Structure formats: structure tokens, C-alpha cells
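Subject: Structure handover

Hello,

Here is the structure I promised to pass on. Please open it first, then read my notes below.

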Amino acid sequence: MDLSNFLLMRHEISLVVVFVILLIYDLFASAKTRQYFQPVACLLFALHTAYGFFPAATGTVFEGMYVTDGIHILVKNILNIGVLLMFLQTNAWLKAEDTVFKRGEFFIITMFTLFGMYLMISSGHFLIFYIGLETASIPLATLVAFDKYKHHSAEAGAKYILTAAFSSGIMLYGISMLYGATGAMYFTEIAPLLTATNSMVLLGMVFFLAGMFFKISLVPFHLWTADVYEGAPTPVTAYLSVISKGSAAFVLCILMFKVFSNLAVEWMHIFNWIIVITITVGNLFAIRQNNLKRFLAFSSISQAGYIILGVLAGTQMGMATIVFYILAYLFSNFAAFGVISAIEAKTGKLNISDYNGLYQTNPKLSLTLMLSLFSLGGIPFFVGFFSKFFIFFAAAEQGHYVIVFIALLNTIISLYYYLLPIKAMFINKSEEPIGTFKTDAYNRLSLVICVIGILIVGLISPIFNYIEKLSFGM
């Protein structure tokens, strides 16, 4: 191994460089120059994001413990886009009196969690996978409790760290059982040794999946989601909903293909029930919500069920649909959270009923939120429609007609609750609507990017074709 091997880890190295520069800036900058931290951080991370799209070599490092190829690079680039959007949406929140002096900590901790997700995505060994998982999960608890003087944020942080520790313990126990049954930790070595006749292997797989299902908030491992999403700062909620969940879903897909392929019959039975229950419960509970963050929490639970349909397909096309779904979900969800974050920063209001008559005073924000909800609901011809169509097609192609039919019925249910905020903004009247205001330039830029993604990404067929080509190269 020589220095050239480390160049395969260019996303990690580039992120560490940005991390160190911002850390030094935050430590040694004067109070006057620290006010420029937000634009400097966004600019540096934008350069890091752009650098990720440059052509790169692929291969393995550390005897196969770290793996990188086209699809891994693409997923990291998608996560980078999401994190950049989130950074752009934090400006108003980080200017608040109780967070202005913690601006540097927020950016640095967020990038630290992203570094863990990079490792998790490129892992070829359960040790690297677990190190990446914990590197991503533990600092996330800090972000959830970032508004520590607010009761709900501190409570959400405590709930998140407890459930994360519990799920990690269950997962680690499952990994130890797989190691005990096979004597291997490399994905390529352990896969051919797994057999359905070995009860320890089956039990290890169940424990491992239970831990992963906690991370993705699949039913019945979802109970932490709504409380944590409501209590966390809104930009952190968006991060949990899209970046954390998207990376975990992709890794789950990789592991089911690479490690547990010999047990496909067994885990598909588990996934059948999990998908149906997750989509249904997420939709039914979303209908009952008035708080928009809890509303989107149950929406994200339902969306997680749709994403796992791609895993159920068990094909390379299924993997491609998952990556495309994450991309579509990124633009749609960040558009919704961008609007919510802007209104919360200005008024502190988070309930759907507070949005009555919003179109009369803030038509652009109302239209943006409407487009995002249409996309999340899968209405043609927004990007969310294409992502759901590809997921359904991949699952139906493998004969999962009943699951696809149930998912389609749930899509109709979801249209009802996604229309509730739209009805509030455009139809309901209010004697005291939210006043007219102008969002900051950072948030406006993020919303413009999201709207462009919602409107055109699904219509550009080469994007999905490119993702599918990379997936078939796995």
C-alpha cells in the first residue's frame, strides 16, 4: 500500500480538509471576522461537493475493508448536495441569540457525522461499517439537542441517543453472531458462508436487521421518530429525514445484496410485512398530525417503506431505484423543510392551522411547499412520481404484485394528508394570517435549487439511466 491508495478516499480526505479549515477558523477568528463563518462554510462545502463530481479512480483500500466504485461515489455526491442545501437553510436559525455563538460547532459536527456516513457507505468489512455507523450516530444526538435551552430539544436528544445506543447494541450483537457462525468479517468472505440451516446465522441476521430498521425508522422500530423530529431544530430534522435515512437505506440495500443474498428467501418474508406495515402506519398517523414536523416525520416513515421496496426487488435495478428515490426525496423534503424553517424563524409557528391563508401573504413560499408536497405524494409529473414509478416497476418485475398494489393504495391515502397543508394555504381563510416577509438569500437559493430538482430531474431520463448503469456495474 502506498500514498496513491489513499487517493481513493478522496471524499473523506476532501471533507477532512474542509473540516480542519473551518475548525481553525472558528478557533482563531475574531468576533468580527467570525460573522462571515456561514458564507465561508457554505463556499468551502460547495467546492467539496463540486470536487466529488470530478472523474475518480475506483478500487479497494486496507485489504478490501474500504471499497469505492461509481455507485458509492454517486451516493456520496447526492448526500453532499443535501448537506449543502441544509447549510443554506440554517442561516436564519443560526443568527438567533441562543445559537449565534455555536455556529462553528454546528457545521463541524454535521461534517463529522457525514464523514461517518461516508465510511459506512464504502465499507467492505463489518468493523469499518460499525465505526462509520457510530461516527455518524453519536454526533447526531448533539445536533438533535443543539437548542439545549429548549425543553423539547433536550428531550429529543436524550431519546435519540438512548434509542441509537439500544439499536447499535442489538446490531452489534447480531454482527457478533454472524462472526461466530462464519469466522469472517469481510462482506465478500461472509456471504458464501451464510446458510439458512444455521440458526445462529438466522438469528444474527434478524438482530442486525432490527438495528438497521431502527436507523431507518421502519415500523415497529419507529416510535422515536416523531418526538425526535419535533424536538430537534428544523434543519437537523431535515438532515435526519433525508441524509441519515438515505445513507442507511442505501447501505441496507448493499448489505442485502452482498452479504445476505443466500438468505434472500428468509429476509424477503420479513421485508414483505415490514413494508406493508410501515407504509400503512406512516400514512394513517400522518393524517392525525397538526404539527408540521410531526407530520413530515410520519411522512418520512411512510417514504422509508417505499424505499425498501427497492431492496425487496433484489436486483441491480432495485438498487438504482433506491438511489434515484433518495435523490428525488432529497429535493422534495428539503423544499418542504426550507419553507417550514423560514416561517418558523420568522414567526415561531409550526402548525398546519397556522398556515391558513398563507398564499395571500407569501405566495412564493406557498407554491414551493405545494410543489414539494405534490412530489412527496407522487403526483405526475414531479420527480416524486418518477421515483415511485421506478420503485413499483422494479418490485412488480420480480412478481411482488400484492405488495405493489398495497403500496399504490397507500399512495392514494397519502394524497389526502399531503393536500391538508395545501388546503390550509390556498383555501382556508384566516383573520390573522402569517404576515408578508422575505426569506434570507441563502434559504432562497436552496429553495430555488429544490424547485428545479422537483420539476426537471424526473423528466431527464439520462439521470436514471446513468444511475442504473452504475448499479449494474456492482
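This is a predicted model: local features need pLDDT of at least 70, side-chain atom pairs count only at pLDDT 80 or more; totals for chains, interfaces and linings use all residues.

**What I found**

Phe62 sits in the loop between β1 (59-61) and β2 (66-68). Phe62 has a positive phi of about 60 degrees, although it is not a glycine. Most residues other than glycine have a negative phi. Phe62 counts as partly exposed, at 31% relative accessibility.

Ser217 also has a positive phi of about 60 degrees, and it is not a glycine. Its place is the loop between α10 and α11. Ser217 counts as buried, at 0% relative accessibility.

Now the peptide bonds. Most peptide bonds are trans. A cis bond joins Val219 and Pro220, with omega about 10 degrees. Pro220 lies in the loop between α10 (199-216) and α11 (225-231). Another cis bond runs from Pro380 to Phe381, where omega is near -5 degrees. Phe381 is in the loop between α17 (363-377) and α18 (383-397).

Next, Thr278. This residue belongs to helix α13 (residues 264-287). Is Thr278 buried or exposed? Thr278 is buried, because its relative accessible area is 0% and the cut-off for buried is under 20%. Its side chain reaches the backbone oxygen of Ile274 at 2.7 Å. Leaving aside residues up to four places away in sequence, Thr278 touches Leu218, Val219, Ile301, Ser302 and Gly305. Val219 is also one partner in the cis bond to Pro220.

You will find Asp147 in the loop between α7 (126-144) and α8 (151-182). Asp147 counts as buried, at 6% relative accessibility. Asp147 and Gly157 are 10 residues apart in sequence, and their C-alpha atoms are 9.6 Å apart in space.

**The whole chain**

The chain has 21 helices and two strands. Its radius of gyration is 21 Å, close to the 23 Å that the globule rule gives for 474 residues, so the chain is as compact as a globular protein of that length. The C-alpha atoms fill a box of roughly 65 × 55 × 45 Å along the principal axes. Buried residues make up 61% of the 474 residues. Of the contacts with a separation of 6 or more, 79% are between residues 24 or more positions apart.

The accessible surface comes to about 18,400 Å², and 69% of it belongs to carbon and sulfur atoms. As for charge, there are 25 positive and 22 negative side chains. The centres of these two sets lie 9 Å apart.

Best wishes

Technical notes: Residues are numbered from 1 along each chain as its sequence is written. Side-chain values use heavy atoms; hydrogens and water are left out. Helices (H or I, at least four residues) and strands (E, at least two) are DSSP runs, numbered from the N terminus. Buried means under 20% relative accessible area, exposed over 50%, partly exposed in between (1.4 Å probe, protein chains only). A polar contact is a pair of N or O atoms within 3.5 Å; within protein, one must be able to donate a hydrogen and the other to accept it, and residues adjacent in sequence count only if both atoms are side-chain atoms. Contact means heavy atoms within 4.5 Å. The radius of gyration is taken over C-alpha atoms; the globule rule is 2.2 Å times the number of residues to the power 0.38. Accessible areas come from the Shrake-Rupley method with a 1.4 Å probe; for residues, only the protein chains shown count as cover. Lys and Arg count as positive and Asp and Glu as negative; His and the chain ends are not counted. The place of a charge is taken as NZ of Lys, CZ of Arg, CG of Asp or CD of Glu.
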